[in-house]
Amino acid sequence: MQHLTGQPNIVEFKGAYEDRQSVHLVMELCAGGNLFDRIIAQGHYSERAAAAICRAIVNVVHICHFMGMMHRDLKPENFVLSSKDDTSTLKATEFGLSVFIEEAEFTQDGFDSLVQNLTKLQKLHLSDLSLCGLHRRFLDNDIHLPKLELLSLWENSNLNGNFPRFKLPCGQIPPSIGNLTNLYGLYFSHNQLEGAIPSPENENGFSSLSFVRLGYNLFNGTIPSWLYNLPSLVELDLSHKKFIGHIGEFQFDSLEKIDLSMNELHGSIPTSIFELVNLSSLKLFSNNLSGVMETSKFEKLINLTYLDLSNNMLLLTMSVHSNSLLPNIQILDLSHNNISGILSWNVGKDTLRYLNLSYNLISGNHTVDLQSEFHSVLDLSSNNFGGMLPHCLGNFGKDLSVLNLRRNQFHGTIPQTFLKGNSIRTLDFNGNQLEGQVPRSLINCRELEVLDLGNNKTNDTFPHWLGALPKLHVLVLHSNHFHGHIEFSKIKSPFMSLRIIDLAHNDFEGDLPEMYLRSLKAIMNIDEGNVTRRYMGDTYYEDSTVVTIKGLEMEFVKILNTFTTIDLSNNKFQGEIPECIGNLNSLRGLNLSNNYLIGHIPLSFKNLKMLESWDLSSNNLSGRIPQELTSLTFLQVLNISQNHLTGFIPQGSQFQTFGNDSYYKNSGLCGFPLSKRCTTDEVLEPS
């Protein structure tokens, strides 16, 4: 501790004194008690307060490691507070288990020599050692480990090379590791190992092998045939590689988990997979698998909880007895296949949490039990479902978080039955034939982040009351029959979390909604250097939406949390463009085209430093283009055509990259890229 003296978040060591019986340590006085007791007394912490505590703890770890020490016993009881004040300093104590870090470096020869001489070694864990210097090529020499039972090289991202060869006691050098007859676990995932996986010459090789995890490497070729013949195999992970060819038939039924996803496998799913009565997880997504599956094939898979066959070319046919299959299924993903017809497959009635049937050709009015109270994620988008939405739509259960019915043929109105206390995060009804008004009961969806009602027949005024939803990030009302003025809201700061707004192709009129534009705090002052970029959604389901950006309608299959855009185009807005738009300095896309806007382009637009796409075309704007707009160095798309702008076109920066189309039908403009040259009066800015 004397080594760490003077550090603000570590209890200071004052001195040591020894008498005949004891050694007395004099420490800094910390009268606030320990962190564990403070947490119990406090009950809960705000996010800001919790972040401050975590920052102090991480600072202790950083200081210790920087000074060459490891604490090795970090827990709330071993942090004390300098006083009983709420703002007291957090300090680490109890260094009884700490040690100095002794740096060690394995040379390639030294590492080979070490491993080769451990002839009685049973378990070898070399996982996640990138920070410890394990890199370059894997062991090139043969290894003499006759007792080895488990070999783990999991997650060493800097480790590359070919699959190693292992040496028998008799000195033979076979081209595989198959002669490690005691091996039960082989964990090589998350590396950069390449080449083909070799086969054992000994037909009894790997007879004890139960766990094979080779995912996330660079292996290629076909799946070795010996993997299908392992009598004790429980788990097989060959995901995220470049395997080609067919999936072979498994000869034993011991398998519980199979992951062959993200490869280039083709052909049909082998019959033997449907005989694996112990199978709990089957992931074959993102391959080129094809063929017809009868639902009756799943009859024996009563223990299956996770089934993902998405992103293939599979067909599914219904059998007579298809109403009680997969009784324990929790996650079912059949999206992006060629499944067609009416689906009446009732699975996991009491267990199903995640169901994704999107991007198929499934039809019918009552093909899926939408009313299951067990769904958490339900995605039926891009199919041919039709009929009216069930009356109890908003009351499926407190666990429903995602309901995606995009691009189907549902009609009628959206039910007014969204109850208080629901957990709905995403509602996507884009691309149907829904009409009527936006249900006022949506105000009960306090967790709502994405609301997409675009491309329907909704006939309503602007739903200003949605501004009270604290987590709403995405609002798409594109191409409906919304109309009227966007009135002032009684809500003090409406839509504070909104980042993506698409009201285009409606009949809104009047002035642009300045009050709402001033409230968009989520589009102001984003510090991208300190923001962790992530996609909206959760572990199992990432949100998506359809917006027009850079002149093209695009489906964002993932929504980055820093993406921002406003599209108010193709309405009947009039009046001048509010200066307050210039406050939205984290805005990336702005489309106000095809309205009746007048006046000048606001000088405040120079503050939109992140702007990438900007469309003010087909309005009645006049005056000059501010020269200061050359500071918009991220601007990729500009369209201010069909207005009444005059004067010279700003030169420099991104404005040098735009063609004539950006300025079309502004007869008063001159200068590059137009052929019309500017006169002296046109070049001079007015005083």
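1. Ala, Val, Leu, Ile, Met, Phe, Trp, Tyr, Cys and Pro are classed here as nonpolar, Asp, Glu, Lys and Arg as charged, and the others, Gly among them, as polar. By these classes, the lining of the largest cavity consists of 13 nonpolar residues, with no polar and no charged ones.

2. The model is predicted, with local features requiring pLDDT of at least 70 and side-chain atom pairs pLDDT 80 or more, while totals for chains, interfaces and linings use all residues. Residues are numbered from 1 along each chain as its sequence is written, and side-chain values use heavy atoms, with hydrogens and water left out.

3. The protein chain contains five helices and 49 strands; these are DSSP runs numbered from the N terminus (helices H or I, at least four residues; strands E, at least two). Of its 687 residues, 50% count as buried, where buried means under 20% relative accessible area, exposed over 50% and partly exposed in between, with a 1.4 Å probe and protein chains only. Among contacts (heavy atoms within 4.5 Å) with a separation of 6 or more, 56% join residues 24 or more positions apart.

4. The largest cavity has a volume of about 130 Å³, and the count is four cavities of 30 Å³ or more. On a 1 Å grid over the protein atoms alone, a cavity is a set of points where a 1.4 Å probe fits but cannot get out; a pocket is an open set with protein on both sides within 12 Å along at least five of seven lines; lining residues have an atom within 4 Å of a point. Grid points are joined across faces, edges and corners, and a volume is the space filled by probe spheres set on the points. Of the 13 residues lining the largest cavity, Ile501, Leu503, Pro513, Tyr516 and Leu520 lie nearest its centre.

5. The largest pocket has a volume of about 760 Å³. Its lining comprises 27 residues, of which Asp333, Ser335, Tyr354, Asn356 and Tyr540 lie nearest the centre. Strand 21 (306–308), strand 23 (331–333) and strand 25 (354–356) are the elements giving two or more residues to this lining. By class, the lining of the largest pocket has eight nonpolar, twelve polar and seven charged residues.

6. Serine 358 lies in the loop between strand 25 and strand 26 (361–364). Serine 358 is buried, at 3% relative accessible area. Beyond its neighbours within four places in sequence, serine 358 is in contact with Ser335, His336, Asp379, Leu380, Ser381, Ser382 and Asn383.

7. There are eleven aromatic pairs, taking rings of Phe, Tyr and Trp (its six-membered ring) with centres within 6.5 Å; planes under 30 degrees apart count as stacked, over 60 as edge-to-face and the rest as tilted. Phenylalanine 508 and phenylalanine 573 form a stacked pair, 6.3 Å centre to centre with 15 degrees between the planes. This pair links distant parts of the chain, 65 residues apart, with phenylalanine 508 in strand 38 (residues 507–511) and phenylalanine 573 in strand 42 (residues 572–576). One aromatic cluster is formed by Phe462, Phe482, Phe495, Phe508, Tyr516 and Phe573.

8. The charged end of lysine 283 sits over the ring of tyrosine 306, 4.6 Å from its centre. The criterion is NZ of Lys or CZ of Arg within 6 Å of the ring centre and within 35 degrees of the ring normal.
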